Amino acid sequence: MKLITLTQPRFELQTLSACCAPEDRILLRQDAVYLCLQADLSLPVPVMALASDVNWRQITPLAQVELIDDARWVALSAQAKQNLLWN
């Protein structure tokens, strides 16, 4: 499993999708959590967002985005075979 972390709301969907396998996960952090507001957010794997970043920006994410805390983020990072930071 790869954990792909997005920190900016801009990304190339085709390029990102080509890097993803079905077991991978995408984590939205920092300003990338604004993607939680997009009704047409279509990513090829499950999407999570760091709850502290969402709360700090006072946004309400769409239902398909799972909010996780720092402990879960650390556990996912430890579980992942690769951790990729996508800027």
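The following legends describe close-up views of a predicted model.

**View 1. The five-stranded parallel sheet.**
Five strands are arranged as an open sheet in the order S4-S3-S2-S1-S5, with parallel pairing. Strands S4 and S5 (82-86) form the edges, each pairing on one side only. On average, and with direction ignored, neighbouring strands of the sheet are turned by 30 degrees against each other. Strands of a sheet pair through backbone hydrogen bonds, in either a parallel or an antiparallel manner.

**View 2. Pairing of S3 with S4, and the helix across the sheet.**
Four bridges join S3 and S4 in the parallel sense. Helix H3 (residues 70-79) lies across S1, S2, S3, S4 and S5, and runs at about 105 degrees to S4.

**View 3. Nonpolar cores and the surroundings of Ile 26.**
The largest nonpolar core comprises 19 residues, of which Leu 6, Leu 16, Ile 26, Leu 28, Val 33 and Ala 49 touch the most other members. At least two residues of this core come from each of S1, strand S2 (25-28) and strand S3 (47-50). Apart from this core lies another, of seven residues, including Leu 3, Met 48, Leu 50 and Leu 76. When residues up to four places away in sequence are not counted, Ile 26 touches Ile 4, Leu 6, Leu 16, Cys 20, Leu 43, Val 45, Pro 46, Val 47 and Met 48.

**View 4. Thr 5 in strand S1.**
Thr 5 belongs to strand S1, which spans residues 2-6. Its relative accessibility is 7%, and Thr 5 therefore counts as buried, the cut-off being under 20%. With neighbours within four places in sequence left aside, the contacts of Thr 5 are Leu 27, Arg 29, Leu 84, Leu 85 and Trp 86.

**View 5. Ala 51 in helix H2.**
Ala 51 is located in helix H2. This residue is buried because its relative accessible area is 18%, and burial requires a value under 20%. Beyond its neighbours within four places in sequence, Ala 51 is in contact with Leu 67 and Ile 68. Ala 51 and Ala 18 are 33 residues apart along the chain, and 27 Å separates their C-alpha atoms.

**View 6. Pro 61 in the loop between H2 and S4.**
The loop that connects helix H2 (51-56) and strand S4 (65-68) contains Pro 61. Leaving aside neighbours within four places in sequence, Pro 61 is in contact with Cys 36, Val 54 and Leu 67. Val 33 is 28 residues from Pro 61 in sequence, and the C-alpha to C-alpha separation of the two is 8.2 Å.

Most residues other than glycine have a negative phi. Gln 30, although not a glycine, has a positive phi of about 50 degrees. This residue is situated in the loop between S2 and S3. Gln 30 counts as partly exposed because its relative accessibility is 34%, a value that falls between the limits of 20% for buried and 50% for exposed. Gln 58, likewise not a glycine, has a positive phi of about 55 degrees. The loop between H2 and S4 holds Gln 58. With a relative accessible area of 72%, Gln 58 is exposed, since exposure requires over 50%.

Technical notes. Residues numbered from 1 in each chain as written. Predicted model: local features only at pLDDT ≥ 70, side-chain atom pairs only at ≥ 80, totals over all residues. Heavy atoms only, no water. Contact = heavy atoms within 4.5 Å. Buried < 20%, exposed > 50% of the residue type's maximum accessible area, 1.4 Å probe, protein only. Core = buried A, V, L, I, M, F, W, Y, C linked by side-chain atoms within 4.5 Å. Pairing = 2+ DSSP bridges. Axes fitted to C-alpha atoms, helices over the stretch in contact; angles between N-to-C directions.
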